[in-house]
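Trainee: The model is about to come up on screen. Can we work through its layout one item at a time?

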Amino acid sequence: MTTYDLTLNVRRYDPDQGRSWVQTYSLKAGRIMRFVDLLRRINDEQDPTLAWGSSCEHGQCGTCSMKINGKPLLACELLVENAVAYFGTTVFNVEPLDVAPVIRDLVIDTEKAYERINRVKPYVISPKPPRSDGREQVISPKALERYVSATRCINCFCCASACIGGHGTFLGPNAMLAAIVRVMDSREQEKQERLRCLYSDEGIYRCHSSRACSFVCPKEIDVAHFIALAKAGALGSE
Ligand code: SF4
Ligand code: SF4
């Protein structure tokens, strides 16, 4: 079985001392080890103080998102052999996403990151009343087909980290996507509030159409396509 000699240069942060530094770990690993497995092995065998996060480890929750050699991705989905082939090296710089303050090492303050999502109210605010026959409103297959891929967003914030639109008050790609989903949702009556937000100074016109968001999305959502629809005023829900 192929084994790789890996070097992980991990960006660390100690909030008690306010100190940030890069710590190098060397380890041997088989080709189908994932990066979450590497971090766990470092905890078990070399350094129990290295802080990082994961939950489902099946690419469904976004907890293990981090930057590897500058690319935001899910550490649970990255196999060693794929990382070596993709980056052409066995040396990896591992950093936290830069979309919120770091709490410790690779762990960021996701509550802060979620403030942008919360600004767009990513839920149905004002549902259409039930139909005259008393049955609930349904989304037609044709309408759903236009945006169903966008509903697969797990808010891993990889796109927001890759976005060159400037962080600041910019909603960023995944918050805009959350707003767009509800504008395209035929069950929702309250469109204006989200459109005001999308077309505000914090919204789509800060997007440079670089498509970095689509490039890094682990759920293969073409985020930039949906932002382009919003720019074109083409988000109609039917
Ligand atoms: S759009 Fe993709 S990259 Fe962005 S938060 Fe959602 S799943 Fe992650
Ligand atoms: S296309 Fe727009 S939203 Fe997506 S990464 Fe580029 S600037 Fe950011």
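Mentor: Helices (H or I, at least four residues) and strands (E, at least two) are DSSP runs numbered from the N terminus. The model is predicted, with local features requiring pLDDT of at least 70 and side-chain atom pairs pLDDT 80 or more, while totals for chains, interfaces and linings use all residues. Residues are numbered from 1 along each chain as its sequence is written, and chains are lettered from A and ligands numbered from 1 in the order in which they are written.

Trainee: Which strand holds arginine 19, and is arginine 19 buried or exposed?

Mentor: Arginine 19 belongs to strand 2, which covers residues 19-30. A residue is buried with 20 or more other C-beta atoms (placed from the backbone) within 10 Å of its own, exposed with 12 or fewer, and partly exposed in between. Because arginine 19 has 9 C-beta neighbours inside 10 Å, its class is exposed.

Trainee: How many Å separate the C-alpha atoms of arginine 19 and proline 122?

Mentor: Along the chain, arginine 19 and proline 122 are 103 residues apart. For scale, the C-alpha atoms of the protein chain fill a box of roughly 65 × 40 × 30 Å along the principal axes. The C-alpha separation of arginine 19 and proline 122 is 36 Å.

Trainee: What percentage of the residues of the protein chain count as buried?

Mentor: The protein chain has nine helices and seven strands. Its contacts (C-beta atoms, placed from the backbone, within 7 Å) between residues at least 6 apart in sequence include 65% that join residues at least 24 apart. Of the 238 residues, the buried share is 37%.

Trainee: Which helix gives the largest share of the shell around ligand 1?

Mentor: The shell takes in residues whose C-beta atom, placed from the backbone, lies within 6 Å of the ligand. Around ligand 1 there are 16 residues, the closest being Cys153, Cys156, Cys159, Asn174 and Cys217. Helix 5 (158-162) and helix 6 each supply at least two residues of this shell. The largest share, three residues, is from helix 6.

Trainee: How many residues in the shell around ligand 1 are nonpolar?

Mentor: Ala, Val, Leu, Ile, Met, Phe, Trp, Tyr, Cys and Pro count as nonpolar, Asp, Glu, Lys and Arg as charged, and the others, Gly among them, as polar. On that scheme the shell around ligand 1 has one charged residue and two polar ones, and its nonpolar residues number 13.

Trainee: And around ligand 2, which helix gives the largest share of the shell?

Mentor: Ligand 2 is surrounded by 15 residues, with Cys163, Cys207, Ser210, Ala212 and Cys213 the closest. Two or more shell residues come from each of helix 8 (212-216) and helix 9 (223-231). By class, the shell around ligand 2 holds 10 nonpolar, four polar and one charged residue. The largest share, three residues, is given by helix 9.

Trainee: At roughly what angle do the axes of helix 6 and helix 9 cross, and why is helix 6 called oblique to helix 9?

Mentor: Axes are lines fitted to C-alpha atoms, for helices over the stretch in contact, and angles run from 0 to 180 degrees between N-to-C directions. Under 35 degrees is roughly parallel, over 145 roughly antiparallel, 65 to 115 roughly perpendicular and the rest oblique. The axes of helix 6 (residues 173-184) and helix 9 come within 10 Å, crossing at roughly 60°. That angle makes helix 6, relative to helix 9, oblique.

Trainee: How many nonpolar residues are in the contact of helix 6 with helix 9?

Mentor: Helix 6 contributes Pro173, Met176, Leu177 and Ile180, and helix 9 contributes Val223, Phe226, Ile227 and Ala230. The contact of helix 6 with helix 9 has no polar and no charged residues, and its nonpolar count is eight.

Trainee: How many charged residues are in the contact of helix 3 with helix 6?

Mentor: The axes of helix 3 (residues 110-119) and helix 6 come within 8 Å and cross at roughly 30°. That makes helix 3 roughly parallel to helix 6. Arg116, Ile117 and Arg119 of helix 3 meet Asn174, Ala175 and Ala178 of helix 6. The contact of helix 3 with helix 6 has three nonpolar residues and one polar, and its charged count is two.

Trainee: What is phi of glutamate 57?

Mentor: Glutamate 57 sits in the loop between helix 1 (35-45) and strand 3 (65-68). With 17 C-beta neighbours inside 10 Å, glutamate 57 is partly exposed. Its phi is positive in a residue other than glycine, near 55°.

Methods
Contact = placed C-beta atoms within 7 Å.
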